[in-house]
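Let's walk through this structure together, one piece at a time. Have the viewer ready, and follow along as we go.

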Amino acid sequence: MEQYLDSTLDSVDKAEELVLGVAERAGFGEEELMKIGMAVRESMVNAVAHGNRYNRNKKVRFRVQRNGTKLTVRITDEGEGFDFGNLPDPVAPENLLRGSGRGIFLIRSFMDEVQLRQLDPGGTEITLTKYVTSQ
Amino acid sequence: MSVNLKTRQVGDVSVVDVEGRITLGEGSSALRDTIRQLVANGQKKILLNLGDVSYIDSSGIGELVSGFTTVTNSGGQLKLLNLTKRVKDLLQITKLYTVFDIAESEASAVRSFT
């Protein structure tokens with residue numbers, strides 16, 4: 001499945017709904033569905049708000065693929081990118097009381113594999129992978 | 001509406017009943033506005049009842065932290081009540097569970113304010 005979504009918060013809801021449909025059919029349990037849904041929400045928020053900055057002329061490319069027990073979600077924005085190799089650790093004592101900066105941390109906590117890639121000439125792509133395990 | 005917040009007074013404690021989703025956008029900004037308004041009105045004891053929160057994202061968690069900081073910096077106390085499993089799990093993952101003062105009973109929470 002592939003869709004080009006507007007840079008709006010409505011697209012965040014839509015992406016979550018789309019991925020949960022695929023993940024449920026793939027056999028993920030309730031707890032795993034919650035994690036997948038939240039990882040996709042956080043990734044979409046990053047793409048829509050931080051990447052595309054709600055620019056109506058920019059789209060978010062959203063892809064979901066199921067291959068056996070493997071679910072892959074790929075979200076690509078058209079933003080200017082960010083230095084994801086140098087993100088502050090949100091659970092370090094000195095960062096605990098920060099009002100933001102937990103999104104990528106939660107995504108990594110909830111998915112089995114997470115890859116971030118800077119695109120040329122612009123944009124950021126995040127690839128999320130989760131495997132169905134016997135419940 | 002994604003979130004509904006109602007504030008009531010129990011003695012000198014402002015109890016905010018939060019219902020719905022605390023997510024980026026309307027949900028987190030409504031929570032921010034409510035806490036800031038209480039602080040602006042001089043309230044020093046604020047109890048957030050999260051028992052009917054169906055969903056919270058990183059923006060919502062950030063708003064809880066910012067609210068905690070705002071209230072603390074004004075010389076007040078902000079405590080949490082009735083965490084759902086989902087909210088509790090998220091606070092544990094983000095190591096915020098020990099930052100907040102968390103209660104399971106409103107009566108004991110109200111009494112615990114100093």
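Predicted model: local features only at pLDDT ≥ 70, side-chain atom pairs only at ≥ 80, totals over all residues.

You will find B:Asn82 in the loop between strand 4 (77–81) and helix 3 (85–93) of chain B. As background, most residues other than glycine have a negative phi, and most peptide bonds are trans.

Now let's zoom out to the chain around that loop. Chain B contains 4 helices and 5 strands, and read from the N terminus its elements run β-β-α-β-α-β-α-β-α. What radius of gyration would a compact globule of 114 residues have, and what does chain B have? The globule value is near 13 Å, and chain B has 13 Å, so the two agree. Along its principal axes, the C-alpha trace of chain B spans about 30 × 25 × 25 Å. Of the 114 residues in chain B, 44% count as buried. If you look at contacts in chain B with a separation of 6 or more, 72% of them are accounted for by residues 24 or more positions apart.

Helix 1 (residues 26–40) and helix 2 (residues 58–73) of chain B pack at an angle of about 10°, with their axes 9 Å apart. Helix 1 and helix 2 of chain B are therefore roughly parallel to each other. On the helix 1 side of chain B, the contact includes B:Leu31, B:Ile35 and B:Val39; on the helix 2 side of chain B, the residues include B:Gly60, B:Gly67 and B:Val71. Sorted by class, this contact of helix 1 with helix 2 of chain B has 4 nonpolar, 7 polar and 3 charged residues.

Let's cross over to chain A and its sheet. Here 5 strands of chain A form an open sheet in the order 1-2-3-5-4, with antiparallel pairing. Strand 1 (2–6) and strand 4 of chain A are the edge strands, each pairing on one side only. From one strand to the next, the twist averages 15°. In general, strands of a sheet pair through backbone hydrogen bonds, either parallel or antiparallel.

Strand 5 of chain A is a handy one to follow. With strand 3 (residues 70–76) of chain A, strand 5 of chain A pairs in the antiparallel sense over 7 bridges, and A:Ile126 in strand 5 is the bridge partner of A:Ile75. With strand 4 of chain A, strand 5 of chain A pairs in the antiparallel sense over 6 bridges; here A:Glu125 in strand 5 is the bridge partner of A:Arg117.

What lies across the sheet of chain A? Helix 2 of chain A lies across strand 2, strand 3 and strand 5 of chain A, running at about 180° to strand 5. The covered face of strand 5 of chain A holds A:Thr124, A:Ile126, A:Leu128 and A:Lys130, while A:Glu125, A:Thr127, A:Thr129 and A:Tyr131 are on the uncovered one.

Strand 4 and strand 5 of chain A form a hairpin with 5 residues between them, and A:Gly123 in the turn has a positive phi of about 105°. The loop between strand 4 (113–118) and strand 5 (124–131) of chain A is also the place of A:Pro121. A cis peptide bond joins A:Asp120 and A:Pro121, with omega about 15°. Elsewhere, A:Arg53 sits in the loop between helix 2 and strand 2 (59–67) of chain A and has a positive phi of about 50°, although it is not a glycine. A:Arg53 is partly exposed, with 13 other C-beta atoms within 10 Å.

Finally, see where the two chains meet. The contact takes 17 residues from chain A and 15 residues from chain B. Helix 2 (30–51) and helix 3 (103–110) of chain A each supply at least two residues of the side that touches chain B. The largest share of that side of chain A, 6 residues, comes from helix 2 of chain A. By class, the side of chain A that touches chain B has 10 nonpolar, 4 polar and 3 charged residues.

How values were computed: Residues numbered from 1 in each chain as written. Chains lettered and ligands numbered in written order. Contact = placed C-beta atoms within 7 Å. Nonpolar A, V, L, I, M, F, W, Y, C, P; charged D, E, K, R; others polar. Buried ≥ 20, exposed ≤ 12 C-beta atoms within 10 Å, placed from the backbone. Axes fitted to C-alpha atoms, helices over the stretch in contact; angles between N-to-C directions. Parallel < 35°, antiparallel > 145°, perpendicular 65-115°, else oblique. Rg over C-alpha atoms; globule rule 2.2 N^0.38 Å. Pairing = 2+ DSSP bridges.
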